[in-house]
Amino acid sequence: MFPGGGQPNMQELLQQAQKMQQDLQRAQEELANTEVDGQAGGGLVKATVTGAGELRALKIDPKAVDPEDTETLADLVVAAVQAATENAQTLQQQKLGPLAQGLGGGTGIPGLPF
């Protein structure tokens with residue numbers, strides 16, 4: 001059902017779809033170039049990922065390195081990467097969420113985490 005009971009203007013719909021596709025592509029490119037950080041152990045381990053979730057950097061403070069306890073260091077690394085990934089997902093939702101909703105409610109779009 002369309003406002004006014006008429007048929008949709010197909011050219012207008014195609015133009016809107018193309019604009020949304022361009023906006024989505026631009027947002028995805030911006031995400032790929034944006035870096036977010038996560039940390040663990042009070043900043044002893046810091047991870048940097050892109051908004052698309054690609055791990056770019058991992059910094060480990062020498063104070064975190066104990067040759068007798070590598071398990072704690074591994075846990076800190078995992079926690080920092082998880083924190084950075086969560087921040088990247090939040091950024092994705094902020095950037096892509098409105099676009100995904102415009103494409104049909106934000107559900108079922110392949111490649112998007114929401």
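**Surface patches and buried positions in a predicted model**

Asp-69 is partly exposed, its relative accessible area being 31%, where buried means under 20%, exposed over 50% and partly exposed in between (1.4 Å probe, protein chains only). The model is predicted, so that local features need pLDDT of at least 70 and side-chain atom pairs count only at pLDDT 80 or more, while totals for chains, interfaces and linings use all residues. Residues are numbered from 1 along each chain as its sequence is written, and side-chain values use heavy atoms, with hydrogens and water left out.

The protein contains two helices and three strands, which follow the order α-β-β-β-α from the N terminus. Helices (H or I, at least four residues) and strands (E, at least two) are DSSP runs, numbered from the N terminus. Of the 114 residues in the protein, 26% are buried. The accessible surface amounts to about 7900 Å², and carbon and sulfur atoms account for 51% of it; such areas come from the Shrake-Rupley method with a 1.4 Å probe, and for residues only the protein chains shown count as cover. Among contacts (heavy atoms within 4.5 Å) between residues at least 6 apart in sequence, 45% join residues at least 24 apart.

Asp-69 is placed in the loop between β3 (55-60) and α2 (70-102). Together with Asp-66, Glu-68, Glu-71 and Asp-75, Asp-69 forms a negative surface patch. Patches consist of residues with over 30% relative accessible area and no salt bridge, like charges being joined within 9 Å and nonpolar side chains (Val, Leu, Ile, Met, Phe, Trp, Tyr) within 5 Å. A salt bridge is a side-chain nitrogen of Lys or Arg within 4 Å of a carboxyl oxygen of Asp or Glu. Asp and Glu count as negative and Lys and Arg as positive, whereas His and the chain ends are not counted; the place of a charge is NZ of Lys, CZ of Arg, CG of Asp or CD of Glu.

A nonpolar surface patch of about 230 Å² is made by Leu-58, Ile-60 and Val-65. Ile-60 belongs to strand β3 and is partly exposed, at 38% relative accessibility.

Thr-50, in strand β2 (residues 45-50), counts as buried because its relative accessibility is 0%. Leaving aside residues up to four places away in sequence, Thr-50 touches Leu-31, Ala-32, Thr-34, Glu-35, Val-36, Arg-56 and Ala-88. Leu-24, in helix α1 (residues 10-33), is buried with a relative accessible area of 14%. Between Leu-24 and Pro-98, 74 residues apart in sequence, the C-alpha to C-alpha distance is 9.6 Å.
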